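Work through the exercises below with the sequence and the model open. Each task is followed by a solution in steps.

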Amino acid sequence: MDVTFEQLGTFIDRLPVGVMVVEPPMDLKHVNERALELLGIGIDHLLTDGVDGAFSDNRFSSMVNEIASGGSDAAEVVVSIGGRSVQCSARAGEPADNGGRTVITVLQDVSRIRQLDQIEREFLSTILQQIRGPISGLHTAASVLLESLPDVSDDVRELLSLSYRETTHLNNLLGDLRDLFVADTGKAAEELEIEKMPVERVVLRAVHALRDSIESEPPLHERIYLSGETREVVYADFEKLKTTLQVIIRNALQYSPPDRPIEVRAVSLDDTVTIEIRDKGTGIRRESLSRIFTRFFREDNQINRSQRGSGLGLYIAHTWVELMNGSVSCESEVGCGTVFYVSLPRGEGRQ
Amino acid sequence: MGKPKVLIIDDEPLLVKSTCMALRISGLDARGAPDGLSGLKEAETWKPDIVLLDVMMPEMDGWQVLEQLQETPSLRNTPVVMFTAREYANGKQLARSHGAVDYVPKPFEPVSLIEVIRRYVSSTVPNPG
């Protein structure tokens, strides 16, 4: 179908999203009805005051300039105009006559989505608040009963063990949801308490904590061995680094046969210490590898179908380690195994 | 020296009962109180070595109880650890700015609670591991 330029213009004008085409330096080439409506100004106003005048801050023009100059090909900002949240998604277009590139921006009202986000957060917060106390109580009750009732029938013991296991799972899930909530509200950084610690201490504590929740034969300390420069000192939040290592080591254990050891190795290079967690397990498929740090992602495989998990552990761990000025990455090959790298700023001195 | 005394003030009866029992199994002396007022009375007469205090309670909330504890000369130096179900991102700083020594978010594992208690009361508290 052939479309004339005029027809295309009419089509763009009728789009339910705002469209604005700008050429460097911020010359307006095209703007549709919806864009004017979202910006809350008339076309005359836009032409006399310039595109900049439509925005309360310079984030929009910085974004456009960045793309026009070739600094990036696409970017997005959400600005507040007349009580509305307007999302501006910009892409690079054709080279402009006077140098630089044309920038095409799509404007969308995302106020409703923002409101829903807010409602979702409040809902989650209320749910977490209401169910956490009772579940915490049930969990502790099951563990106390298991420990303090030595002479019960096998049926009763099994019932208590199952209750304990189920509440442990719920407890972990609630813990993960809480951490997700804190991460999503952008407040995770406020929670961090950065201190200096030897790698060895935090690794051993992580393994120790796993002993309570994982039944393993041979015992965990025979399956996991430490190597390298574990006496090196890093800057981190102890509890959060411990949990991060627990998540990664737990995965390594789940995906490895019991006779294949898991190596936790520390390597120091310049200002960084990297903790490598290496298993010789089933490995992660290439198409899943790029998604393992995204929230709620769980690879569909036989092991995951039989094990329960929230799909949040690695996402939260990744968020925390980045906030500690570190990084987490992963390499894997199906059938050979997986290596996770947790890099953290190195502290002076050794243990 | 006797067993370290732990007072738990929380309006969740199952949590109080089970946590008290878990602490007793671990060699601590533990008692519970279902609200702020009875918790304060218990603290004055029993003189615990540490108080575990819930933030969200009807009538008197945890911060008010904490303030009262600090105004009582015989309890001023008793360490207080706050429990809370709220999503305080900066819970620890918040607890400390009110004068509590620490903060434990719910849900918690009894083992990690004992770890926290060990930090603030004498070394006679048994090691959880």
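**Exercise 1. Find the residue at which helix α5 of chain A kinks, and state the angle.**

Step 1. The kink lies at A:Arg132, shortly before the proline A:Pro134, and amounts to about 35°. The bend at a residue is the angle between axes fitted to the seven residues ending there and the seven starting there.

Step 2. Note the basis of the numbers. This is a predicted model, in which local features need pLDDT of at least 70, side-chain atom pairs count only at pLDDT 80 or more, and totals for chains, interfaces and linings use all residues. Residues are numbered from 1 along each chain as its sequence is written, while chains are lettered from A and ligands numbered from 1 in the order in which they are written.

**Exercise 2. List buried residues of α5(A) and say what they pack against.**

Step 1. A residue is buried if 20 or more other C-beta atoms, placed from the backbone, lie within 10 Å of its own. Among those in α5(A) are A:Arg132, A:Gly133, A:Leu138, A:His139 and A:Val144.

Step 2. The buried residues of α5(A) pack against α6 (154–184) of chain A, together with α1 (13–25) and α5 (110–120) of chain B. Contact requires C-beta atoms, placed from the backbone, within 7 Å.

**Exercise 3. How many residues does each chain give to the contact between chains A and B?**

Step 1. Chain A gives 31 residues and chain B 21 residues.

Step 2. On the chain A side, α5, α6 and α7 (188–191) each give two or more residues. The most come from α5(A), with 17 residues.

**Exercise 4. Give the strand order of the five-stranded open sheet in chain A, and name its edges.**

Step 1. The order is β2-β1-β5-β4-β3, with antiparallel pairing. Strands pair if DSSP finds at least two bridges between them.

Step 2. β2 (27–31) and β3 (74–81) of chain A are the edges; each has a single partner strand, so one side of each lacks a neighbour in the sheet.

Step 3. Strand β1 (residues 18–23) of chain A pairs with β2(A) over four bridges, and A:Glu23 stands opposite A:Asp27 in β2(A).

Notes:
A residue is buried if 20 or more other C-beta atoms lie within 10 Å of its own, exposed if 12 or fewer, and partly exposed in between; C-beta atoms are placed from the backbone. Two residues are in contact if their C-beta atoms, placed from the backbone, lie within 7 Å.
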